[in-house]
Amino acid sequence: GEAVREQSDSPADLAAIREAAELLRAGDTVAFPTETVYGLGADARNTEAVEAIFQAKGRPSDNPLIVHIAARAALEELVTDVPLTAAALMDAYWPGPLTVVLPLRPGVLSPRVTAGLDTVGVRMPDHPVALALLAAAGCPVAAPSANRSGRPSPTLAAHVLDDLAGKIGGVLDGGAAGVGLESTVVQVQPDGSVAVLRPGGITAAQLAAVAGSAAITGISAAPDFTPPQDAAEALAHPAPDAAGEDSPAPRAPGMKYAHYAPQGWLGVVRGSSPSGAAKTAAGLLASARRRGETTGMLLFEEHLPLYPAGAADCVVSLGPLALPETAARSLYAALRRFDEAGATYILAEACPETGLGSAIMNRLMKAAAGRIIDAE
Ligand code: TXA
Ligand code: MG
């Protein structure tokens with residue numbers, strides 16, 4: 001496969017979008033920009049095409065794909081029911097970084113898309129290139145993030161090519177993804193509550209503004225992060241179970257896999273004060289260096305002065321703690337930078353789990369495989 005168009009400074013033009021739509025219709029895979037991360041798309045009705053996604057990514061086949069549509073009218077064909085609360089959330093946040101899991105209408109999509117589940121996750125991306133591509137293709141498009149399975153998701157076309165060049169039909173370049181983290185995945189429960197299966201670009205507060213704060217049941221990345229359960233368990237304990245106060249919300253099947261990880265060892269440092277966390281991190285980095293590790297530190301801008309000069313071989317700032325949008329936008333590129341620097345031992349500062357911070361911590365904790373270091 002060759003890149004359809006590689007335009008680093010101009011947005012994908014109409015001819016490139018048409019060519020990409022043609023590839024999709026012909027059963028090929030095409031990577032395209034969305035407002036969250038780049039997706040790797042294929043015609044969701046075509047099993048061979050969908051299989052090519054799993055192949056290219058090296059993705060486990062029991063992890064279902066999100067189906068992307070350009071218009072609300074396309075939803076009817078895909079699902080049998082849209083609960084009122086789900087419709088209200090779509091009214092408010094589509095197009096946008098919200099995926100809604102709904103009861104699947106049998107016989108339309110390839111069963112590979114949903115990994116055999118009787119539900120399907122649907123979203124309408126808020127990106128002009130994505131919407132134009134979906135409209136031109138005229139079919140529902142299954143699209144996971146366009147990275148090799150386990151790697152940080154791509155926020156640039158160059159990231160897609162780093163991971164998938166030669167394995168896909170092409171990539172549309174739309175510049176840097178705006179949100180930088182994947183969509184929020186929700187499922188409306190029979191009791192009307194909204195289970196957050198994966199935190200993302202739409203915050204809990206935004207969901208609560210539509211559904212009421214009492215209705216939102218979510219997952220927390222930390223401090224009580226538990227290793228993801230296995231798929232069988234996830235499927236055996238669907239929504240109703242998890243709506244109870246003491247049971248955790250169900251997770252998207254994909255949440256059990258190692259994800260977003262840099263090649264080096266990564267740990268998340270949490271402390272009651274920024275200076276305490278920085279002191280602990282600096283100490284750990286110094287001893288890692290003495291062991292011969294190439295070190296990396298991921299931190300927030302205002303904490304930089306708390307670290308000794310040259311605290312790590314590669315120091316990457318996510319921007320100010322007060323601007324989680326900036327941190328979300330730069331997180332995956334930052335994790336890829338540690339790989340480029342050859343970092344073998346990486347520490348990352350934790351951030352408060354409010355607003356977009358929930359999604360940031362969720363991805364950091366997954367990238368760190370749950371390794372959290374409590375500062376003194
Ligand atoms: O922002 C996004 O959502 C990006 C862009 C490309 O749209 N896509 C994305 O896809 O992140 P992917 O495949 O990397 O993540 C899909 C997540 C997985 O955790 C998967 O388990 C969950 O959504 N999911 C998909 N269908 C589901 C279903 N029927 N029930 C529960 N979870 C589902
Ligand atoms: Mg992904």
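This is a predicted model: local features need pLDDT of at least 70, side-chain atom pairs count only at pLDDT 80 or more; totals for chains, interfaces and linings use all residues.
Local features were taken where pLDDT is at least 70, and side-chain atom pairs at pLDDT 80 or more, while totals for chains, interfaces and linings use all residues. Residues are numbered from 1 along each chain as its sequence is written, and chains are lettered from A and ligands numbered from 1 in the order in which they are written.

The chain is divided into domain 1 (14-164), domain 2 (184-256) and domain 3 (265-374). These bounds come from an automatic or database domain assignment. Domain 1 gives 19 residues to its contact with domain 2, and domain 2 gives 18 residues. Here, two residues are in contact if their C-beta atoms, placed from the backbone, lie within 7 Å. On the side of domain 1 that touches domain 2, α3 and β4 (98-103) each supply at least two residues. Helices (H or I, at least four residues) and strands (E, at least two) are DSSP runs, numbered from the N terminus. The largest share of that side, six residues, comes from α3. By class, the side of domain 1 that touches domain 2 has twelve nonpolar, six polar and one charged residues. Ala, Val, Leu, Ile, Met, Phe, Trp, Tyr, Cys and Pro count as nonpolar; Asp, Glu, Lys and Arg count as charged; the others, Gly among them, count as polar.

An unreviewed UniProt entry carries the annotation "domain: YrdC-like" over residues 14-202. UniProt positions are given in the numbering used here, feature names are shortened, and annotations may be inferred rather than shown by experiment. In the model, the span 14-202 is 27% helix and 18% strand. Its end C-alpha atoms lie 29 Å apart.

Two packed helices are described by the angle between their axes and the distance between the axes. Axes are lines fitted to C-alpha atoms, for helices over the stretch in contact, and angles run from 0 to 180 degrees between N-to-C directions.

Helix α3 (residues 84-93) packs with helix α6 (residues 204-211) at an angle of about 120°, and the axes are 9 Å apart. That makes α3 oblique to α6. Angles under 35 degrees count as roughly parallel, over 145 as roughly antiparallel, 65 to 115 as roughly perpendicular and the rest as oblique. The crossing of α3 and α6 is right-handed. A crossing is left-handed if the near helix is turned anticlockwise from the far one by less than a right angle, and right-handed if clockwise. Thr85, Ala88, Leu89, Ala92 and Tyr93 of α3 meet Gln206, Leu207, Val210 and Ala211 of α6. This contact of α3 with α6 has seven nonpolar, two polar and no charged residues.

Helix α1 (residues 14-25) and helix α4 (residues 128-137) have axes 8 Å apart, at an angle of about 50°. The two are therefore oblique to each other. Their crossing is right-handed. From α1, Ile17, Arg18, Ala20, Ala21, Leu24 and Arg25 meet Val129, Ala132, Leu133, Ala136 and Ala137 in α4. Nine of these residues are nonpolar, none polar and two charged.

The crossing is left-handed. Pro324, Ala327, Ala328, Leu331 and Leu335 of α10 contact Gly357, Ala359, Ile360, Arg363 and Ala367 of α11. Eight nonpolar, one polar and one charged residues make up the contact.

Two backbone details complete the description. The peptide bond from Trp94 to Pro95 is cis, with omega near -10°. Pro95 sits in the loop between α3 and β4. Tyr260 is not a glycine, yet has a positive phi of about 60°. Tyr260 lies in the loop between α8 (239-242) and β10 (265-270).
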